[in-house]
Amino acid sequence: MTEPIIIAPDMALPIQVPPPTPIQNPTMSGGIVTPSNPLYACSRLDFNRKVIKNPSYINFCFSNEDVLSALNYARQTHMPFRIRTGRNDYEVNSNVDAGLVIDMSKMHYIQLNIYKRTVKVGGGTLVGEVYRALAKCGYTIPSGTYRDVGLVSLTSTGGIGFASRYLGLTCDYLKEVELITGEGKMIVANTYENPDLFWAIRGGLGANFGVIVSMTYRIVPVQKVTVCEIEWECCYSHKVLYAWQFLQAHMDNRFTSTVKIIRNEEGKMCLRLEGVFWGRRNELVRELSPLLGYVPVMNQYVATVPYEEAIEKMVQDQPGCCAFKGTSSFIYEPLSCETICRLIEDLEQSPLGSWQSLEFKALGGNISKVGADETAYAHREALFLIEIKSIWAYEGLDAEGIQWVNHVKYFLDGFGRGAYRGCTDFNIENWAEQYYGTHYRKLQIVKSQYDPENILHFPQSIQLI
């Protein structure tokens with residue numbers, strides 16, 4: 001078991017929250033933080049400071065019994081509640097004003113079974129914890145690129161990361177789930193028990209169906225991988241991106257890469273490719289040679305390293321003490337040079353004083369080898385995903401940043417199909433189709449079966465039939 005996670009306050013924030021009204025009969029167990037508690041200032045914060053919410057209760061659950069008592073409390077008092085596994089929701093949808101936050105962060109454990117080649121993790125375990133624990137034993141699972149994201153939320157939205165083209169999505173390695181329904185029933189879901197629920201959780205966001213208290217994954221051995229970081233002058237952005245989208249689609253499936261174009265608060269831009277290859281350096285250099293010889297390279301790093309070292313290079317922290325707006329667009333066909341130039345132009349004209357970025361994440365490979373209907377994840381055939389983000393550190397810059405992100409998303413909707421559920425975006429009007437495609441109807445059927453009272457409802461939750 002890993003050490004307890006302690007989130008310390010990192011900024012002084014005024015708090016004007018009325019104390020919750022005492023209720024005599026319903027009770028909660030676990031660690032309960034209210035506005036009068038000194039820990040409330042940090043306990044209520046999420047990574048995205050775009051919205052600061054003021055819950056009446058934050059219940060840190062240490063056991064299944066704590067989760068059950070929290071759910072019972074919410075039902076008996078008719079109090080709105082949210083499930084929080086990693087504080088990483090883009091729209092702070094895992095928090096709620098004047099309600100109850102069921103915080104899973106204390107239920108973080110890692111149980112490795114080398115004989116069965118599986119790992120079981122608690123509902124509050126973070127991506128970085130699992131990476132490190134498994135790597136020390138010579139194993140891994142495909143996972144995300146932010147170490148402080150909840151593994152449960154990542155898995156149940158699909159799970160895109162730096163091994164996706166080779167190993168597939170995180171949800172493809174899921175073997176079993178334990179969850180507590182809104183009515184307080186403990187359920188096990190796998191290929192044989194509750195298979196419809198197991199299907200829905202793999203891409204349909206688990207919080208729609210219950211509180212996930214554990215997940216079990218199959219693991220794969222790993223010792224060394226090759227990492228690469230390549231930088232170009234930004235004047236070559238359109239050429240690099242245009243060539244990359246064709247090259248990556250036909251490259252060895254062992255290679256997954258992301259091209260990032262970032263514009264800082266002063267208007268300075270950088271263009272960088274980051275990737276991981278599950279093979280040797282000379283093989284990757286050969287694969288990259290068409291791109292490396294296409295335009296002059298400014299900086300280049302390609303090295304075969306122990307997997308633990310690769311994790312430290314590729315897995316980042318979420319932006320801290322900042323507000324941001326993010327969204328995404330799946331791209332199924334190569335973009336024209338004109339479209340890419342338009343995206344770069346939009347980035348060049350983005351508001352100063354904040355950071356803007358476009359990240360092109362390669363998909364395909366073994367992601368598309370899984371049948372389209374085998375899981376609820378609906379974008380198996382996409383070539384790549386574009387993530388759009390604006391980050392600002394000062395109040396007053398939010399309107400321009402949000403407007404820019406929405407503008408780029410609207411433009412990309414003319415070329416892409418859908419959005420990644422892991423990048424929650426409240427500005428998407430047809431969110432059910434964008435997140436879930438043709439799977440939404442089946443997700444509604446599963447929702448109606450396992451949460452018939454719609455206890456687990458929140459903005460953009462799956463609706464009952």
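Before we start, one term: two residues are in contact when they have heavy atoms within 4.5 Å. Keep in mind, too, that this is a predicted model.

**Stop one: helix 7 and helix 10.** Select residues 237–250 for helix 7 and 337–348 for helix 10; their axes are 9 Å apart and the angle is about 130°. That makes helix 7 oblique to helix 10, and their crossing is right-handed. Now show the side chains. From helix 7, Ser 237, His 238, Leu 241, Tyr 242 and Gln 245 meet Cys 337, Ile 340, Cys 341 and Ile 344 of helix 10. Colour these by class and you get six nonpolar residues, three polar and no charged.

**Stop two: helix 3 and helix 9.** Next, pick residues 127–136 (helix 3) and 307–314 (helix 9), whose axes come within 9 Å and cross at roughly 165°. Because of that angle, helix 3 is roughly antiparallel to helix 9. This crossing is left-handed. On the helix 3 side, look for Tyr 131, Arg 132, Ala 135 and Lys 136; they meet Tyr 307, Glu 308, Ile 311 and Glu 312 of helix 9. Here the classes come out as four nonpolar, no polar and four charged residues.

**Last stop: Asp 425.** Go to the loop between helix 11 (398–412) and helix 12 (431–436), where you'll find Asp 425. Is Asp 425 buried or exposed? Its relative accessibility is 1%, so Asp 425 counts as buried. Zoom in on its side chain, which makes a polar contact with the side chain of Lys 325 at 2.6 Å. Beyond its sequence neighbours within four places, Asp 425 also has contacts that include Glu 91, Thr 327, Tyr 435 and Gln 460.

Technical notes:
Residues numbered from 1 in each chain as written. Predicted model: local features only at pLDDT ≥ 70, side-chain atom pairs only at ≥ 80, totals over all residues. Heavy atoms only, no water. Helix = DSSP H or I, 4+ residues; strand = E, 2+ residues; numbered from the N terminus. Buried < 20%, exposed > 50% of the residue type's maximum accessible area, 1.4 Å probe, protein only. Polar contact = N/O pair within 3.5 Å; in protein donor to acceptor, adjacent residues only side chain to side chain. Axes fitted to C-alpha atoms, helices over the stretch in contact; angles between N-to-C directions. Parallel < 35°, antiparallel > 145°, perpendicular 65-115°, else oblique. Left-handed = near helix turned anticlockwise from the far one by under 90°. Nonpolar A, V, L, I, M, F, W, Y, C, P; charged D, E, K, R; others polar.
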